[in-house]
Amino acid sequence: MPAGGLHASIFLEGTFMERAFFLLFAAMAIGSGLMVIMARNPIHSALALIVSLVQVAAIFVLLGSPFLAAIQIFVYVGAVMVLFLFVIMMLDVRKEARTRFLEKGIAPALVVLVLLGGEMIALLLGSQRFPVLSAGAAGSIEELSKTLFTDYLLPFEVASVILLVALVGAIFLARKETD
Amino acid sequence: MVPLSWYLVLGAVLFVTGAAGVLLRRNVLIVLMSLELMLNSVNVNLVAFSHFFGDFRGQIIAIFVIAITAAEVAIALGILVALVRNKATLEVDEVTMMKG
């Protein structure tokens, strides 16, 4: 059956490419995530975090959610990280570069982290419940927006009120005491 | 097709990386950035489940997570600016005003 064989080989090739891209993005995300917590200079941390967030946006594209990838780049990279960079450059970070890590409490924290990571990885790799593979492919942006603006309208409005409160609160907190 | 467990392992590794940053670093700014990393790893899990189960709700919750994160960062950086103005420090173990 040449036709079937051809289709199978194309399918396998597509799978291979997808996995290769996933591994590339995942390796970049994890590597730059490690750079976030290892870098001495907060600016370097912020730039590494931007790289990591962009890689995660690429993974969202692989997952068939281009809208979330765009939101990720607009909100995280465009707004949140620029805010971070502004604050880092506003504050004096040069004298903060003495020691990177806390001096006490390292050992318990490491134990907690090893336990947490080991437990999560063991649960994920040991569980038989995940391979539920369906061709679900969560449809188009149109359906997403319909669900968001009908079933989830109240949470959406609450989120916008929370954003407003955060805006007012941030202005109030960062204001100089003049009177 | 990439198996679901790969996405979940990626989410777990990013989460532990972020937790390491929160628990080990001294600088408040980097603790906040590590917190962003943890929230983002949760988003990876939500979107992966949304894709593999063919259900929108994962994506919708991820959108809310992103919105709430933006609010949280704005407030946290406001507090940070006020803190530096009052105490001139960015280190987590020198901020003990609330005797925590």
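1. Start with H3(A), which has 25 residues and reaches 34 Å from first C-alpha to last, close to the 36 Å expected at 1.5 Å a residue. The expected span here is 1.5 Å times one less than the number of residues. Helices are DSSP runs (H or I, at least four residues) and strands are E runs of at least two, numbered from the N terminus. H3(A) also bends by about 30° at A:Met81, the bend being the angle between axes fitted to the seven residues ending there and the seven starting there.

2. A word on what you are looking at: this is a predicted model, in which local features need pLDDT of at least 70 and side-chain atom pairs count only at pLDDT 80 or more, while totals for chains, interfaces and linings use all residues. Residues are numbered from 1 along each chain as its sequence is written, and chains are lettered from A, with ligands numbered from 1, in the order in which they are written.

3. Which residues of H3(A) are buried? They are A:Leu68, A:Ala69, A:Ile71, A:Gln72, A:Tyr76, A:Val80, A:Phe84, A:Val87 and A:Ile88. Buried means 20 or more other C-beta atoms within 10 Å of the residue's own, exposed means 12 or fewer, and partly exposed is in between, with C-beta atoms placed from the backbone. The buried residues of H3(A) pack against H2 of chain A and also against H2 and H3 of chain B.

4. Chain A as a whole is made of 6 helices and 0 strands. Of its 179 residues, 22% count as buried. Contacts (C-beta atoms, placed from the backbone, within 7 Å) between residues 24 or more positions apart make up 50% of those in chain A with a separation of 6 or more.

5. Now the contact between the chains: 73 residues come from chain A and 62 residues from chain B. On the chain A side, H1(A) gives the most, with 11 residues. That side divides into 55 nonpolar, 13 polar and 5 charged residues. For this count, Ala, Val, Leu, Ile, Met, Phe, Trp, Tyr, Cys and Pro are nonpolar, Asp, Glu, Lys and Arg are charged, and the others, Gly among them, are polar.

6. The largest nonpolar core has 66 residues, and those with the most contacts inside it include A:Leu49, A:Phe60, B:Met33 and B:Ala48. Such a core is a set of buried Ala, Val, Leu, Ile, Met, Phe, Trp, Tyr and Cys residues joined through C-beta atoms within 7 Å. Leaving out residues up to four places away in sequence, B:Ala48 touches A:Leu63, B:Leu4, B:Tyr7 and B:Leu8.

7. In chain B, 16 of the 21 residues of H1(B) are buried, so this helix is largely enclosed by the rest of the structure. B:Val13 is found in H1 of chain B, yet B:Val13 counts as partly exposed, with 19 C-beta neighbours inside 10 Å. Further along, the 31 residues of H3(B) should span 45 Å at 1.5 Å a residue, and the end C-alpha atoms are 43 Å apart, which agrees. After H3(B) comes B:Ala88, with a positive phi near 55°.

8. How confident is the predictor? Chain B averages a pLDDT of 88, and 99% of the residues score at least 70; pLDDT is the predictor's confidence in each residue, from 0 to 100. Among the elements of chain B, H2(B) has the highest mean pLDDT (92) and H3(B) the lowest (90). For the complex, the predictor gives an ipTM of 0.91 and a pTM of 0.86.

Methods: Contact = placed C-beta atoms within 7 Å.
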